[in-house]
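Colleague: Please take a close look at one part of this model, a set of paired strands and the packing around it. One connected account will do.

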Amino acid sequence: MKNLAQVVTIAGIDSSGGAGANADLKTFQNQMVYAASIITGLTAQNTYGVQAILPTSAHFIAEQFNSVFDDLDIKAAKTGALFDLATAQAVITGLEKNSVKNLVVDPVMVAKGGAKLLADEAINLIKDNLFPLAELITPNLTEAAVLLGQEIETDADMVEALHLLQAMGATNVLIKGGHGKGNIISDALLTKDGQVIYYKAPRIDTKRTHGTGDTLSAYIAAGLAKGKSLEVIMPTAKEFMNRAIGDGIKIGHGHGPLNHWV
Ligand code: PLP
């Protein structure tokens, strides 16, 4: 019998299949880990944007945690969109109760189309109570700026932001540079040992980037579930992302999804 690493995504459903838990599950399949899902909410969504959101109740979040953790042997987890304060609090409670290890927190706030995926009132909660549970947090430049209340423009700003975010309690911090300007995208990882590692890649000229953050954090969670270190996972994660973005598939008429079959 085959022994697969087991992971759980704690994220929302995208009805058009490109982002959220849908992207996570395709990434996990690609990485050959077994994936459970704790669904934080439903979105009525397509490649044009998010039309409606229905967060999962706190009670039903707790039920899903119990069902998954009473049975499965979860080696890593990731969180995506948490929508509102009650849902975010229920997720934190579930993670604490089950001492979830190898947690990747993607602090999703706003979808590329502009829809709010995290209530403002939940931001302090995730900073104070979710980040300290995380092996890694993966904000993009915009999210990092909101979390810190300061702009990140220069390389020195980036290094300062990494340290300020790590001080909030996450073991490692990755700031994703995709929302920046210029033709080279620079992601920066601050490791637990205080090392800053940059990952640079040419910007791919495409609007098919729906679900990029979800896919990256899921890829990293899959690697952690297999027992790999972040330093080993990251270069292959970036290669995977570049192939998934670059080798486009034609789905929908707006900001289309990635190709997870690369
Ligand atoms: N919808 C859901 C449910 C998500 O979790 C996310 C991202 O985490 C998005 C939409 C946003 O996707 P994007 O900003 O890549 O378009």
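Strand S7 (residues 172–175) runs antiparallel to strand S8 (residues 184–190), and three bridges join them. Strands here are DSSP runs of E with at least two residues, and helices are runs of H or I with at least four, both numbered from the N terminus; two strands pair if DSSP finds at least two bridges between them. The model is predicted: local features need pLDDT of at least 70, side-chain atom pairs count only at pLDDT 80 or more, and totals for chains, interfaces and linings use all residues. Residues are numbered from 1 along each chain as its sequence is written.

On its other pairing, S8 is joined to strand S9 (residues 196–202) by seven bridges, again antiparallel. Aspartate 187 stands opposite tyrosine 199 in S9. Five residues lie between the strands of this S8 and S9 hairpin, where glycine 194 takes a positive phi near 90°.

Contacts of isoleucine 175, leaving out residues up to four places away in sequence, are Pro139, Leu141, Ala144, Met158, Ala161, Leu162, Asp187 and Ala188; a contact means C-beta atoms, placed from the backbone, within 7 Å.

Ile175 is also among the residues with the most contacts inside the largest nonpolar core, which has 75 residues. Such a core is a set of buried Ala, Val, Leu, Ile, Met, Phe, Trp, Tyr and Cys residues joined through C-beta atoms within 7 Å, buried meaning 20 or more other C-beta atoms within 10 Å of the residue's own. Helix H7 (residues 212–225) gives the largest share of this core, eight residues.

Notes:
A residue is buried if 20 or more other C-beta atoms lie within 10 Å of its own, exposed if 12 or fewer, and partly exposed in between; C-beta atoms are placed from the backbone. Two residues are in contact if their C-beta atoms, placed from the backbone, lie within 7 Å.
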